[in-house]
Amino acid sequence: MANRYKEFKHLNLPAIEKEVLDRWQRENAFQKSVEVREGAQPFVFYEGPPSANGMPGIHHVISRTLKDLVCRYKTMQGFKVERKGGWDTHGLPVELGVEKELGITKEDIGKKISIEEYNQKCREAVLRYKDKWDELTTKMGYWVDLEHPYITFTNEYIETLWWCLKQLYEKGLLYKSVSIQPYSPAAGTGLSSHELNQPGTYRNVKDTSAVAMFKAVRNEKSAFLFQAANCQLPTANCEIFFLAWTTTPWTLPSNLGLTVGPNIDYVLVKTFNPYTHLPVNVILAKALLGKYFKPEGENGDFDSYDEKVKLLPWKILAEFKGSELEGLEYEQLLPDEANSLAAVQAITPGAKPWRILLGDFVTTEDGTGIVHTAPAFGADDFRVGKKYNIGILTLVDREGKFVDGLGEFSGRYIKDYKSDPAYVDVNVDISVKLKKENRAFKVEKYEHSYPHCWRTDKPVVYYPLDAWFIRTTAVKDRMVELNKTINWKPESTGTGRFGNWLENMVDWNLSRSRYWGTPLPIWRTEDGREEKCIGSIEELNAEIRKASEVLGGDVNTHYLHNGILDLHKPYVDEVILVSDSGKPMRREPDLIDVWFDSGAMPYAQWHFPFENQEKFTQNFPADFIAEGVDQTRGWFYTLHALGVMLFDSVAYKTVVSNGLVLDKNGNKMSKRLGNVVDPFKTIEQFGADATRWYLITNASPWDNLKFDIEGIKEVQRKFFGTLYNTYQFFALYANVDGFTFKEDYIPVAERPEIDRWILSSLQTLIKQATAALDEYEPTQAGRLIEDFVDEHLSNWYVRLCRRRFWKGDYEQDKIAAYQTLYECLETVVRLMAPISPFFSDEIFIQLNAVTGKHHGQSVHHILFPEVREELIDTELEERMQLAQDASSLVLSLRKKANIKVRQPLQKVLLPVLSPTMEQQLQKVEDLIKAEVNVKEMEYLTDTEGFIKKKIKPNFVALGKKLGARMKAVSTALQNFSQHDISLFEKEGRYSLPINDEAVELTLAEVEITSEDIPGWSVASKGPLTVALDINITPELEDEGNAREFVNRIQKIRKDSGFDVTDRIDVKVAANNGIAASLSKFNNYICAEILADTLEITSTIADGIEIEVNENQLKVIVLKKG
RNA sequence: AGAUCCGUAGCUCAGCCUGGUUAGAGCACUACACUGAUAAUGUAGGGGUCAGCAGUUCAAAUCUGCUCGGGUCUACCA
């Protein structure tokens, strides 16, 4: 055991961290922190896998600090906390990165580069920055198992994913359907939302838009409309039309419905068709009348309507809600062979098209408030169409041209996909046709923002594509229910963002048309009648052999010998399986959403159920996970969905979602803006500890953080600097006195007031910090620790106790001081260890190296401090607060009178309002006197006429009782005389007449404070008032001089580099006044400055010039020996 | 467009859940002081329509509604 505490020269956090890191590595500290808890209750943590194909940024440091501190804390709480690292390795960003690097596009795959080579490139690229990530992980002190991470592209991982998929398949939760997705006819491929969100894809374009007229069918349901239109007889003039607007007239042949908003007001309007000038009745949203009709035309003269005058007369015939229109039928707009009822029903048996539907998505911002609905070409359309079973028509092929059976339009491209100079816009032709047929109410160019394919620059369309779905909607209620058991931090994310998301859930579209990812393990016959879902490698290999036997030829010959070695494309696609009826089956070509990869990590990280069954059982569900709030609908969702579907369980019990890291101006960090903060540089410069402390204490994790390097500097200076100094102070004197905590622990009750106070505060801190951490509020915990170190420990305890450490002999009081300060330091570093693991460990080790109080090589192996409730003394903490306040008040009075603290003063007057207050103050009297340098404290109790008092209502206590009478009482109290107040105090109660009614008041319901002591200079804060006697007697002046002189000599000692224990001889030349002071206090001075002699003469030759209260002196200070 | 979080001093934040009468810290700035641990600290000073409007209440930074501004997620539409 060392016998001296290490004394540092400077505080150099990065250097200390490097040493600590080396030690951790040497001693396998992380591994050991898990091992020492062998057999203990596990605390389960899941690491959300990052993707290592990009560089880590500062925002990764915050979420990882959060994860790390919780895990460290729980370890210190006695739990066994394993943390398996992981890597997310599939997905589009990887593919795009590779394509960029190789200078190819998706079309080149299979041509310029084989899928095999392409995927090989992806596999290499995906862990490109793994080293950088590992480095950051290590340097920031994030303890996570980097040796055995799970990697999503491995066969084992994928095998578990397949197992999961098969479970879902067997539960009937996996199905194939169409979904409406962005599709680029020019490129012949679907686009992901990621691709659609590339900059520049949304562009303002001018399209031909048309308000088409859909003719209502007259029947029982629609009778009320025809009645309103005054058409008792079926005449040609009596036609009613629904108006619907579209910016894509090419979708009109595929129209199968019209959607209205149930709560939107619609009107039936009598008017003329502006193109054909035929009288018509039209229906549209009331709110949009102004778009089509001028106010002057309302109730205009229908009989003398002139086609040349552009003013349409119009008249509202009826008004109704959208909900009243539900189910009404209309005539098909552009009937043809390809979109006949027979054709529709051939695709969707039993479909009932051309009806009015209700949909919440309808707005009255544009168009007519009636939405032309073509299920194939819009996600909303598809959804509402499905609900009403109106069928689906896709009259445009994958190249973007009309199919056969549409007469004049067949074969024409809906947009200029071929860059044909002779291209004629089919949308215009459709509009012209409508105009001619009295089926267009308004046709115009319309400018709007429309997405374009980022590769071909051609407009994207929404198009039905085959996709596999997970029927999450089937377990929606259960997911909602279980979500309520999850502890969300902050809570609002769980109930709000996540809760709402669950409420509005749609089935999970799993399909991705890509190359590098987990293949969907489903094989199908060509007619789609038979299919097989594969759930393991073994099963696949068995099926491979079976197919080879049944189908013969060279089917699967490559895979017969060793089985399949890589579950990725292209290999799985070469495998042909055989159906039960003996037909060949090919794999469904899709890959699955990478979110499935990460959502299945609780199972796949252990290769469950093929291995580690017990391990899995012990580690599911997680006690805690944490990621950025942007993962709410990503990882948090997929984990939850799979947990519920596979095991009817939550996947995590607590989830903390942290906010974003913005730059100091509140802008999002991006490479483009050049405001990204390099985490390596930051850690290099300021240390991981200060960075972590700053990130955690500056703002709650879920608030966005405005990252400012100045904030880290402040943390470093203020918190770590103060703590470091406190330790240095301790080490300095403990080494001098040889304190090694070998003496018995002095019972706290036997220690001085101030020791009991700091220990009581320390217990309070432990209690509060523990509570905060238990509630996943590390910000609170950090701030509490900070306050304690700064306010209590350093600026009060150490400041007031300084003398106890360097004065006097090594006996009880001094030992008590050492024991107390030691306990504070050691406890503080244990409390802060989870947040800032390096410096705390260093200090802990240095302390423990001498005292050996703990068995353990690291603060991270021992237990978190436990509160000793019996040491908490609230009264003591309160009176110390009084002492601090009183001192502060006296100092401010000194300041006002311009009397420095070194000048002793005679007396402080303190009016006390109760005996308790007096007792409390008496106990801290010595502390106050020493701190403010006064000789006596006098308590004023009999105060009438001497102290001026003030009374005001205790609003909290009185509010409920008085209610509206509060104001009157408040005014009455304001007018109380000194006599009234003292009467009240004497009686303990007062009867106040308010509005002819007596209001009884007790002392507890008012606050009485002393305000003034006539003739004295006073200061007050709350109930505390102090007055200071500022007379300086000659006696006091002498002492002031002596103290000033001591101060100067101490400075010389320090400047001369003397040791704190060196003895000196002093010679001083002083004029008469000062000389008298010095000689009078000769003994005191010698004791203070450790001088054996203090010689006072009239002159000395050289020596150092000093000034004592405006007197010039010369001194010679000599070190002895 | 919807959901959600945020808006308090020049800056970073507390206080809001549970309403109570002078709205607090720290940083920065100015002056003075203290220091035998201190890169600290103390005292004093300037600095606030608590984003805005309306409501509830004896009383609103705090509760409710609306509006504005910022962020994020989702959707992107006739």
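**The RNA-facing surface and the nonpolar cores**

The residues of the surface near RNA strand B comprise 19 nonpolar, 23 polar and 20 charged. Near means that a heavy atom of the residue lies within 4 Å of the strand. Ala, Val, Leu, Ile, Met, Phe, Trp, Tyr, Cys and Pro count as nonpolar, Asp, Glu, Lys and Arg as charged, and the others, Gly among them, as polar. The model is predicted: local features need pLDDT of at least 70, side-chain atom pairs count only at pLDDT 80 or more, and totals for chains, interfaces and linings use all residues. Residues are numbered from 1 along each chain as its sequence is written, chains are lettered from A in the order in which they are written, and side-chain values use heavy atoms, without hydrogens and water.

RNA strand B is surrounded by 62 residues. The closest are Trp245, Arg902, Phe955, Gln1050 and Val1060. Helices are DSSP runs (H or I, at least four residues), numbered from the N terminus.

Polar contacts are pairs of N or O atoms within 3.5 Å. A side-chain N or O atom of Glu714 is 2.7 Å from a sugar or linking oxygen of RNA strand B. Ser888 places a polar side-chain atom 2.9 Å from a phosphate oxygen.

The largest nonpolar core has 132 residues. Such a core joins buried (under 20% relative accessible area, 1.4 Å probe, protein chains only) Ala, Val, Leu, Ile, Met, Phe, Trp, Tyr and Cys residues through side-chain atoms within 4.5 Å. Helix α24 gives the most to this core, with 12 residues.

Note on methods: A polar contact is a pair of N or O atoms within 3.5 Å; within protein, one must be able to donate a hydrogen and the other to accept it, and residues adjacent in sequence count only if both atoms are side-chain atoms. Buried means under 20% relative accessible area, exposed over 50%, partly exposed in between (1.4 Å probe, protein chains only). Helices (H or I, at least four residues) and strands (E, at least two) are DSSP runs, numbered from the N terminus.
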